[in-house]
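Please read the points below alongside the sequence and the model, which are shown here.

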Amino acid sequence: MSATPNDPALAGGPDAKNSPYSKNKGNRMSIASLKRLPLLRGQETGLIGVIIAVSIAFSFVNPSFLTTDNLRNVLVAVAVVGIMAIGQCFVIISREIDLSVGSVMGLSGLCGAWLMAAGLNPWLAIVLAIGVGATAGLITGLIVVVFRVNSFIATLGMLSVARGLTQVISGGLPIMVDPSVMFIGQGSFLDIPTQVLIFVGLGILCQLILTRSVVGQRIVAVGDNDEAARLSGIPINATRIAVFVASGALAAIAGIVYTAQVSVAEAQAGTGLELDVIAAVVIGGASLSGGRGSILGAMLGAYLLGALRNAFILLELSPFLQQMSVGMVIVLAAIFDQFRQGSFRHANVMQSFLHRFRLRTR
């Protein structure tokens, strides 16, 4: 658990008044307590090892996999999904889920291009497009908090609403992006693609927010034990709304990057990407039960997914087998998460299996 608060207040112990979550201290947390949270855990280190091992293995099969150009292509390909995975990571750590990120991404990118085509300043159009994504997240958060609707259902509804709006606004026709902002998806700085710089920059910023800020601590506390967090004076409703707003805003940024990358906004942009986004976060070590995860892990999970897809293409694997293989990776990651939580009771299962095996062999 990257930033799970091992805090007496959350356990309701006698030392609760000394906890950084204690109501006696209000919502202020000591800087010393925040600095104890690690930026890099064993989970991320292990995932980096897996990526290196997979890369070396695929390089023996196809030497072009480890070339600089190909690694650059992988990074460019994962940037959009990775940006959305950063926002989704906040949501999943708070024990919620956002199925609408793909549609919100498409809606925001389309709104930005539509405003530019209408003659609005391109940069103002981008700001408004990010506002569209944040507003979608705000509406979802309010539905979840005020009406107590499960986030799975609320975001599923937002998915359909956003997808329908893209059709209404565009009429099903593509909209060209203003050439002055295309460098967001096609430019580079020091030979590093712009979208990769945006992806890494947002990742570093959000990792610092999660591990070094009060906001990040609140998100982890709400996901770990919302009742204990409430008793500690943490505004759980505001925290839940904030994570959905962040997810929507980051989906909007991903939409702008994608739209600038392909030079055109389409109503179907982002369709199905929500599954890749959730998969990247789960592979990165975030728990669907909440309270555990890291932004860096989500970024590495997105990269691993992108590297696998790239390798499968180089190996000329059938698209159906590619989808099946990626699905197996996701299932394995989810099973590993259950083992890690201990909820699967693997020890008892293994003991029972070995006991039966011994009886049969006697």
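Which residues in helix 10 are buried?

1. The buried residues of helix 10 are G216, Q217, R218, I219, V220, A221, V222 and G223, where buried means under 20% relative accessible area, exposed over 50% and partly exposed in between, with a 1.4 Å probe and protein chains only. Helix 10 spans residues 214-224 and is mostly covered, with eight of its eleven residues buried.

2. This is a predicted model, in which local features need pLDDT of at least 70 and side-chain atom pairs count only at pLDDT 80 or more, while totals for chains, interfaces and linings use all residues. Residues are numbered from 1 along each chain as its sequence is written, and side-chain values use heavy atoms, with hydrogens and water left out.

3. Helix 9 (residues 194-212) packs with helix 14 (residues 295-314) at an angle of about 150 degrees, their axes lying 8 Å apart. The two helices, helix 9 and helix 14, are therefore roughly antiparallel, a term for angles over 145 degrees. On the helix 9 side, F199, V200, G203, C206, Q207 and L210 meet I295, L296 and M299 of helix 14, contact being heavy atoms within 4.5 Å.

4. The loop between strand 2 (188-189) and strand 3 (192-193) holds L190, whose phi is near 55 degrees, a positive value in a residue other than glycine. D191, in the loop between strand 2 and strand 3, has a positive phi of about 65 degrees although it is not a glycine. L190 is exposed, with a relative accessible area of 70%, and D191 counts as exposed at 59% relative accessibility.

5. F60, placed in helix 3 (residues 42-61), counts as exposed at 68% relative accessibility.

Technical notes:
Helix = DSSP H or I, 4+ residues; strand = E, 2+ residues; numbered from the N terminus. Axes fitted to C-alpha atoms, helices over the stretch in contact; angles between N-to-C directions. Parallel < 35°, antiparallel > 145°, perpendicular 65-115°, else oblique.
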